[in-house]
Amino acid sequence: WARLRALGEQRCAEAEALGVTGHPLFWAQKRRRLLADLAAFAVIDRARLEALDASPFAAELRFGFADGRPPLELPLPGGRSVRFRGSIDRVDRSRDGSIHVIDYKTGKSDRYRGLTPDDPLAGGTKLQLPLYGLAARAAAGDPAAAVQSAYWFPTSVGGFGHVGYVVDDHVVD
């Protein structure tokens, strides 16, 4: 935690030096909250990895860009396909081979609570989780791996909550 706190304090000092922190009184409160959230995140993340028996596999996993992996290509009826690109915030891999995809969100989770395995795309408005799950599976070179994709709200504002689901054949269909 000491190294993470030092990095957090360094970033806060950099923001202060750039003059982008706003009024000093409000910044002091926000800085305390940011560092407290960082400490809580470290504890929660360690417990999560232990519970999953997982370790980080990739961070900022880019696909479909010149400097990343190939695009995710999904076939369409009639022989055509559609290609996707993106950058996955984090991919963890469990000892059992399962893949855990995380897309970090810093706000509240209210807009994402309606996501379920029965409506995984929120009426076609949220494609990230299944697409990221498929891209992570391709990056791991394991097309049959079990995948769990989730938005993680790793702040006190977001309640440190998760919203997500297993990316199975039903979700892909």
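Helices (at least four residues) and strands (at least two) are DSSP runs, numbered from the N terminus. In this predicted model, the protein chain holds four helices and seven strands. From the N terminus on, the order of elements is α-α-β-β-β-β-β-α-β-β-α.

The C-alpha atoms occupy a box of roughly 60 × 35 × 30 Å along the principal axes. The chain has 173 residues, and 35% of them are buried. Among contacts with a separation of 6 or more, 60% join residues 24 or more positions apart. The accessible surface is about 10,400 Å². Carbon and sulfur atoms account for 55% of that surface.

Helix H1 (2-18) and helix H2 (24-52) each contribute at least two lining residues. H2 gives the largest share, 11 residues. By residue class, the lining of the largest pocket comprises 12 nonpolar, three polar and seven charged residues.

The second largest pocket holds about 270 Å³. It is lined by 13 residues, of which Leu74, Leu131, Val171, Val172 and Asp173 are the closest to its centre. Strand S2 (72-75), helix H3 (128-140) and helix H4 (169-172) each give two or more residues to this lining. The lining of the second largest pocket divides into 11 nonpolar residues, one polar and one charged.

Definitions and conventions: Residues numbered from 1 in each chain as written. Predicted model: local features only at pLDDT ≥ 70, side-chain atom pairs only at ≥ 80, totals over all residues. Heavy atoms only, no water. Nonpolar A, V, L, I, M, F, W, Y, C, P; charged D, E, K, R; others polar. 1 Å grid on protein atoms, 1.4 Å probe; cavity = no way out; pocket = protein on both sides within 12 Å on 5 of 7 lines; lining within 4 Å. Points joined across faces, edges and corners; volume = space filled by probe spheres on them. Buried < 20%, exposed > 50% of the residue type's maximum accessible area, 1.4 Å probe, protein only. Contact = heavy atoms within 4.5 Å. Areas by Shrake-Rupley, 256 points an atom, 1.4 Å probe, with all protein chains shown as cover.
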